[in-house]
Amino acid sequence: MCGIFCVFNYQGDVEKYRHRALELSKQIRHRGPDWSGCVVADNSIICHERLAIVGVDTGAQPLTNEDETIILTVNGEIYNHRVLERQLEQPAKFKTHSDCEVILHAYSEVGTDVCAKLDGMFSWALVDRRTTQPRLVAARDPIGITTLYIGRVSAHPETVYVASELKSLNEECDQIDEFPPGHFFDSKDGQFHRYFKPDWWTPERIPTAPVDYRALRESLTAAVRKRLMAEVPYGVLLSGGLDSSLISSIAVREAARISANAQSDVEDIDTRSARYFPRMHSFSVGLPGAPDLLAARKVAKFLKTAHHEFTYTVQEGLDAISDVIYHLETYDVTTVRASTPMYLLSRRIRSTGVKMVLSGEGSDEVFGGYLYFHYAPSPEEFHKETVSRVHNLHTSDCLRANKSTMAWGLEARVPFLDKEFLQVAMNVRPEDKLCSKHIMEKAIIRRAFDINCPEAGFTPEEIAAGPYLPEDVLWRQKEQFSDGVGYSWIDSLKESAAARVSDEAMAAVKERFPHDTPDTKEAYLYRELFEQHFPQSACLASVVRWVPRTDWGCSADPSGRAQKIHDNAY
């Protein structure tokens with residue numbers, strides 16, 4: 001992934017504004033430390049901060065067609081770029097080996113219909129100069145794995161700003177909104193248009209199909225395999241929980257298969273990386289003695305990965321909070337808690353030379369893995385909540401995974417949010433996903449990879465390959481990342497906030513923060529730090545707070561340990 005910045009239809013001397021645009025793009029250079037690019041066309045400026053993952057030798061951006069009438073800046077990975085290249089009706093001259101260049105050529109043939117054809121994670125902005133009136137088209141991936149914002153200035157509403165992060169816009173725009181996932185923006189009508197329209201997207205539509213364990217297993221395996229596309233060292237984030245362990249196990253198996261077989265020139269999935277870097281590296285983080293570290297160590301030994309275990313102290317975590325909020329661009333308590341260890345880990349990973357990792361985000365939303373799902377009043381409400389959580393991933397876990405890693409130029413890929421896998425998993429009837437005192441959360445995905453489960457449909461050859469994970473890991477209770485890195489982490493955050501925020505300040509909290517008023521001292525502290533970095537009122541519009549369903553009788557505390565069902569509840 002990379003960082004993108006675009007000013008479309010600037011009202012003024014565009015050449016003089018170029019320097020300012022470069023300064024604004026530089027605010028997100030942490031996302032793309034490998035190279036910078038800028039194109040000025042008519043009264044628009046398109047910038048790019050590059051993190052080289054695919055097409056390392058030739059993939060500099062912005063990208064242009066032969067006569068430079070179409071200019072494109074992209075943040076993302078297009079896993080089906082080879083398929084799309086073969087589908088082009090007209091021969092196209094590709095200038096780079098980048099997987100993203102196909103967007104430009106496909107757009108020139110089918111226009112905005114290209115959005116629905118893309119399989120990957122992406123945010124991009126394209127300026128089309130083929131007509132008298134230039135046109136801006138910008139798009140974001142279906143779930144919002146990549147981050148994107150759109151801004152305007154009241155004095156010149158005809159000018160549109162697009163950027164990967166808020167910090168490129170907050171000093172320039174007085175209206176800033178998060179770009180909605182699964183949509184494209186078209187300057188021809190100034191509107192957003194939804195292109196991602198799966199049948200499961202409407203919460204009120206309750207699926208009736210029973211679980212197909214083989215379909216779950218095969219679609220997730222395919223999702224992992226396609227994400228091994230890279231030309232740089234890569235690895236897996238391994239917390240020792242179910243989701244990251246399962247992704248790690250599949251990745252190890254698929255990398256071995258790819259390395260053992262010569263790749264065909266017409267293979268739909270680009271799998272060069274596993275040939276270049278066949279040894280899987282795994283990474284974990286936590287306070288000394290944390291539950292996640294112990295579990296990750298066990299999984300890494302089982303999978304025979306090259307494992308890297310990093311620890312941090314509570315004080316190191318506390319010292320990083322302000323920087324974490326700056327990079328996250330949110331004050332949501334849950335996100336800050338979980339992002340801090342991920343932010344620290346990402347810095348250590350980048351120092352090893354690894355530039356891409358697979359991660360396990362999305363599983364809890366898809367399968368109802370958060371412990372508060374135990375209190376769902378009915379299968380229908382359970383399903384509606386999973387759909388709602390997937391809808392809002394871009395405000396929490398996707399935001400965390402993207403910005404915590406990209407703060408250090410590390411790309412995170414999330415197989416659980418593959419759109420083909422989602423089509424399978426989100427169409428399973430909710431009765432099969434329910435959890436209870438006797439049924440562990442996410443039981444169906446556990447069974448799908450449990451070779452001892454008769455219903456899972458394993459072939460004799462698959463059984464002979466052995467288990468995906470140790471039994472006690474495959475069936476380990478959900479541990480939220482901010483808990484798993486060490487139970488004292490959240491306790492220390494609360495204690496630190498209590499010491500820094502006075503009772504008097506809390507008593508006047510509604511006067512200090514009339515919008516989205518904090519309800520705890522921890523929330524107050526994060527809000528205060530956020531406004532130190534982003535004092536403009538326009539910056540508040542994109543922040544959403546993550547809270548459990550208190551109307552189900554759950555604690556409002558987002559920690560998993562706040563739910564009574566947790567083995568170590570407080």
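## Exercises: cysteines, a sheet and salt bridges

The sulfur of Cys 539 lies 9.7 Å from the closest cysteine sulfur, that of Cys 173, which is too far for a bond. Keep in mind as you work that this is a predicted model.

**Exercise 1.** Find out how many disulfides the structure has, and where Cys 38 stands in relation to the nearest cysteine sulfur.

*Solution.* Start with the whole structure: a search returns 0 disulfides. Next, take Cys 38, whose nearest cysteine sulfur belongs to Cys 47, 3.8 Å away. A disulfide needs the two sulfur atoms within 2.5 Å, and Cys 38 is in none. Finally, look at accessibility. Cys 38 is buried, with a relative accessible area of 19%, and the cut-off for buried is under 20%. Cys 539 is also buried, at 0% relative accessibility.

**Exercise 2.** Work out the strand order of the open sheet with 6 strands, then say which strands stand at its edges.

*Solution.* Trace the strands across the sheet: the order is S4-S5-S6-S7-S11-S12, with antiparallel pairing. The edges are held by S4 (63-64) and S12 (191-194); each has a single partner strand, so one side of each has no neighbour in the sheet. Now zoom in on one edge. S4 pairs with S5 (residues 70-78) over 2 bridges, in the antiparallel sense, and Leu 63 has Leu 72 in S5 as its bridge partner.

**Exercise 3.** For the salt bridge between Glu 420 and Lys 226, determine the distance of the closest N and O atoms, and explain which parts the pair ties together.

*Solution.* First the distance: the closest N and O atoms are 3.9 Å apart, and the cut-off is 4 Å. Then locate the partners. Glu 420 is in helix H14 (residues 419-425) and Lys 226 in helix H5 (residues 213-226), so the pair joins parts 194 residues apart in sequence.

**Exercise 4.** Are Glu 361 and Arg 400 buried or exposed, and how do their side chains meet?

*Solution.* Begin with the contact: the two side chains form a salt bridge, 2.9 Å from N to O. Glu 361 sits in the loop between strand S16 (356-358) and helix H11 (363-367), and Arg 400 in helix H13 (residues 397-406), so parts 39 residues apart in sequence are tied together. Both Glu 361 and Arg 400 are buried.

How values were computed:
Residues numbered from 1 in each chain as written. Predicted model: local features only at pLDDT ≥ 70, side-chain atom pairs only at ≥ 80, totals over all residues. Heavy atoms only, no water. Buried < 20%, exposed > 50% of the residue type's maximum accessible area, 1.4 Å probe, protein only. Pairing = 2+ DSSP bridges. Helix = DSSP H or I, 4+ residues; strand = E, 2+ residues; numbered from the N terminus.
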